[in-house]
Amino acid sequence: MFDTEVFPMDSRSLVPTSAGFQLPVAQLRSVYETHEVERRLAKLPERDHETLRSTYTRMLERGPERFQVKPSGVPDMAALYEQLPNFTDALDDVRRHVALAQDSRDGLEVTPMLLLGPPGIGKTHFARKLAELLGTGMQLVPMSSMTAGWLLSGASSQWKGAKPGKVFEALVDGQYANPVIVVDEIDKASADAQYDPLGALYGLLEHDTAHHFVDEFAEVAIDASQVIWITTANDERSVPEPILNRMNVFEIEAPSAEQARRIARNLYLSIRAEHDWGRHLAAEPADDVLDVLASLAPREMRRALMTGFGNARLARREQMQVYDLPRGAAGQRPRMGFVQ
């Protein structure tokens, strides 16, 4: 899928590159300056500020270098197009960015994207699949549950219970300089007169200013320029215009009836493959089972399958039947989408 290669980068690659031979390992990128952390640590009073002291100590112990994924070519994404048939435009955009980065010293840079569509259509699932494709891990920031603006940017260490924000955690505590960070339900962020919860995004979504992102807790500049940003929303009208202008917007439509059947089949196959007990069950679902699954609400599809698998095993049958699915499933009102 992806290989990582060593490219010259501040002369600090994991291994030296010899003529005509490159080991398939990731290059490193420094995401903060250790001397700045040391300076901040030295200025702390001897008493109090234990959480901040612990944060600085952890930063020094871990060091500033993180892996930066480097694609050696455009991966075969046929399986993703099959699993996510209503995300074709967004997947095409990812392929374009990967094509730009291949055979060059540049890191993978993906324009921030907004996935716009109704709840349950698979926006968060898409983000997880993209993170798996790139191999960088994923950090989820659920804006609907935000009660303060510091979820992204951290809270000042002067406040009781303060801690770093999600961007800091992803880059300092994570392994990668270019993780996928998902700002989920960005249209649900509730701003008040004192603090704009999306304020940090204005700089983070701009490649140049993201080089020197300062978390309000640690107050040390972090290089967040390589972060791959995916935001989701149900209603574009609730997203500030300056945020929209910084992103590629993709309107995600509900899958067609045939696409919903394909999604249900792929989910059946993936669940079966992920569990050892799957070998006791039929390799393919029955057509009438797919008809019922395709009509279920997205988040109910996986639960229905698990119930169906369990009932089939209780009956010592390989083939799942419609009546193995939860009672009333066949009568559900059709709501197309995908498991998130």
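Helices here are DSSP runs of H or I, at least four residues, and strands are runs of E, at least two, numbered from the N terminus.

Before I start, the caveats. This is a predicted model, where local features need pLDDT of at least 70, side-chain atom pairs count only at pLDDT 80 or more, and totals for chains, interfaces and linings use all residues. Residues are numbered from 1 along each chain as its sequence is written, and side-chain values use heavy atoms, with hydrogens and water left out.

Helix α5 opens the tour.

Is α5 enclosed or open? Of its 12 residues, 9 are buried, so the rest of the structure largely encloses α5. Buried means under 20% relative accessible area, exposed means over 50%, and partly exposed is in between, with a 1.4 Å probe and protein chains only. Among the buried ones are His-125, Phe-126, Leu-130 and Leu-134. The cover includes helices α3 (78-83) and α4 (88-101), plus strands β3 (113-116), β4 (138-142), β5 (180-184) and β8 (228-233).

Now the sheet. Five strands form an open sheet in the order β4-β5-β8-β3-β9, with parallel pairing. Strands pair if DSSP finds at least two bridges between them. At the edges stand β4 and β9 (248-251), each with a single partner, so one side of each has no neighbour in the sheet. Twist averages 20° from one strand to the next. β5 and β8 pair over 4 bridges, in the parallel sense. Val-183 sits opposite Thr-231 in β8.

Two helices on this sheet. α5 lies across β3, β4, β5 and β8, and runs at about 170° to β8. α7 packs on the sheet too, touching β4, β5 and β8, at about 170° to the direction of β4. Those angles run from 0 to 180 degrees between N-to-C directions, with axes as lines fitted to C-alpha atoms, for helices over the stretch in contact. Contact means heavy atoms within 4.5 Å.

Next, the nonpolar cores. A core is a set of buried Ala, Val, Leu, Ile, Met, Phe, Trp, Tyr and Cys residues joined through side-chain atoms within 4.5 Å. The largest has 42 residues, and Met-59, Val-167, Ile-186, Leu-201 and Trp-229 have the most contacts inside it. Which helix gives the most to this core? α7 does, with 5 residues. Apart from this core lies another, of 26 residues, Phe-87 and Ile-230 among them.

Last, aromatics. There are 4 aromatic pairs. Rings of Phe, Tyr and Trp (its six-membered ring) pair if their centres lie within 6.5 Å; planes under 30 degrees apart are stacked, over 60 edge-to-face, the rest tilted. Phe-87 and Phe-126 have ring centres 5.1 Å apart and planes at 10°, so they are stacked. Phe-87 is in the loop between α3 and α4, Phe-126 is in helix α5, and 39 residues separate them. Phe-87 is buried, at 1% relative accessibility. Phe-126 is buried as well, at 1%.

Trp-277 and Phe-309 have centres 5.3 Å apart and planes at 55°, so that pair is tilted. Trp-277 is partly exposed at 27%, whereas Phe-309 is buried at 2%. Together with Tyr-268, Trp-277 and Phe-309 form one aromatic cluster.
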